[in-house]
Structures are given as structure tokens and as C-alpha cells.
Amino acid sequence: MKLAVYPGSFDPVTNGHLDIIERAAQLFDHLIVAVSVNGGKKPLFTLDERVAMLNEVLQPFSNVSVDSFQGLTTTYTIEKQSQAIIRGLRAISDFENEFRMALTNKKLEPTVETLFMMSQPQWSFLSSSVVKEVGYFGGSVSDFVPKSVEEKLIKKIASRQPLA
Ligand code: ADP
């Protein structure tokens, strides 16, 4: 059985992530979308909220599951008996960081392969940060995230202090 892990913050999941998930799910028997707890970033959504949003939007995919993990992606990947880490590449700006991470992971765990999937052009500008920024300033994010995520983003932003 060919298994892959797609790790990330997913704060929140966007249409760009969904496109990668849909395409990766066709290449593997099973795909685990794994929300990472660490990363030094201060997320807008809690871990439970991010996992719940993913579970909701990924319901139609029978060979995709959602999980969370703390610590090294390679350790988690081995624990899950998976052979591959999936990462999405949007633009050249993603490349350096992703390259560094993939080489570090290869050094840590030579049996695990990192596979990069190019973003489709229509999502190559899209990130969770862009979605949050547009949302904060009252713009519509309906073209960027699924409806259920948009609703949760609007509620979350309304419940927070305005930006200074
Ligand atoms: P991280 O904090 O680990 O980068 P993200 O949730 O931002 O977590 O992204 C997870 C993965 O999805 C990364 O490989 C990132 O490059 C990729 N990704 C994010 N947005 C897009 C997009 N619009 N198109 C393709 N890949 C994307």
C-alpha cells in the first residue's frame, strides 16, 4: 500500500491546498493530511478548528484522512509507515525554503522521499496568509476557500480585536 503524508499549518485550508490534496490522492492508495502543531507561527485557528475544517471539506475523499502531529515530519511519516512527504510549490519564492527542508529531511530519514507538486496557475498566488489578510480587511474570500471555511473565517475575525 502506497501512503503519503501532506503536512502543513492549514491555517486555514485553501483551494490551493485542496487542489494538491485532490491530485496527490490520485497517486497514492492513501493520503494523510497532517496538521503540524509546531512551526513557530501563531495560528489564527486552533489545532482542533483546523482539523475540523479539513475533515469537513475532505469528506468526499474516501482515501484521505486528517491527523495532527508534533515534532519532526520525518518521524511522523515513518511512524505512519508512509514512504512520501507531499509539498506544494507555488512560485520560485517557495523553492529555497522547500529545498532546504527536503534536503534536511532526506538527511534525517533517507528512506522518505519528498515529492513536490506544482500549484495550478490559478492558485499560485494563494496562501493561508493572503486569505486571512483579505478577510481581516473585509474582502471576499469566496474564490479562495470552500464556503464552510469562509463562514468560519468571518466568524473568527469578528470575534477578534481589530488590527492595530
Ligand atoms: P507550512 O506552514 O508547512 O508551509 P501551509 O499550510 O502554508 O503550511 O502549506 C502546506 C503546504 O501546501 C506547503 O508545501 C505549501 O507550499 C503548500 N501550499 C500552500 N498553498 C498552496 C497553493 N496555493 N498551491 C499549492 N501548494 C500550496
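The model is predicted.

**Helix α6.** Begin by selecting residues 147–158, which form helix α6. The 12 residues of this helix should span 16 Å at 1.5 Å a residue, and the 17 Å between its end C-alpha atoms agrees with that expectation.

**The buried residues of α6.** Next, display the side chains of S148, V149, E150, L153, K156 and I157, the buried residues of α6. An α-helix has 3.6 residues a turn, so residues three or four places apart point the same way.

**The pairing of α2 with α6.** Keep α2 and α6 in view: their axes lie 10 Å apart and the helices pack at an angle of about 155 degrees. Because angles over 145 degrees count as roughly antiparallel, α2 is described as roughly antiparallel to α6. On the α2 side of the contact, select E49, M53, E56 and V57; on the α6 side, select S148, V149, K152 and K156. The residues of this contact comprise three nonpolar, one polar and four charged.

**S36 in strand β2.** Finally, move to strand β2, residues 30–36, and select S36 within this strand. Is S36 buried or exposed? Its relative accessibility is 13%, so S36 counts as buried, the cut-off for that class being under 20%. With neighbours within four places in sequence set aside, show G8, R50 and F69, with which S36 is in contact.

How values were computed: Residues are numbered from 1 along each chain as its sequence is written. This is a predicted model: local features need pLDDT of at least 70, side-chain atom pairs count only at pLDDT 80 or more; totals for chains, interfaces and linings use all residues. Side-chain values use heavy atoms; hydrogens and water are left out. Helices (H or I, at least four residues) and strands (E, at least two) are DSSP runs, numbered from the N terminus. The expected span of a helix is 1.5 Å times one less than its number of residues. Buried means under 20% relative accessible area, exposed over 50%, partly exposed in between (1.4 Å probe, protein chains only). Axes are lines fitted to C-alpha atoms, for helices over the stretch in contact, and angles run from 0 to 180 degrees between N-to-C directions. Angles under 35 degrees count as roughly parallel, over 145 as roughly antiparallel, 65 to 115 as roughly perpendicular and the rest as oblique. Contact means heavy atoms within 4.5 Å. Ala, Val, Leu, Ile, Met, Phe, Trp, Tyr, Cys and Pro count as nonpolar, Asp, Glu, Lys and Arg as charged, and the others, Gly among them, as polar.
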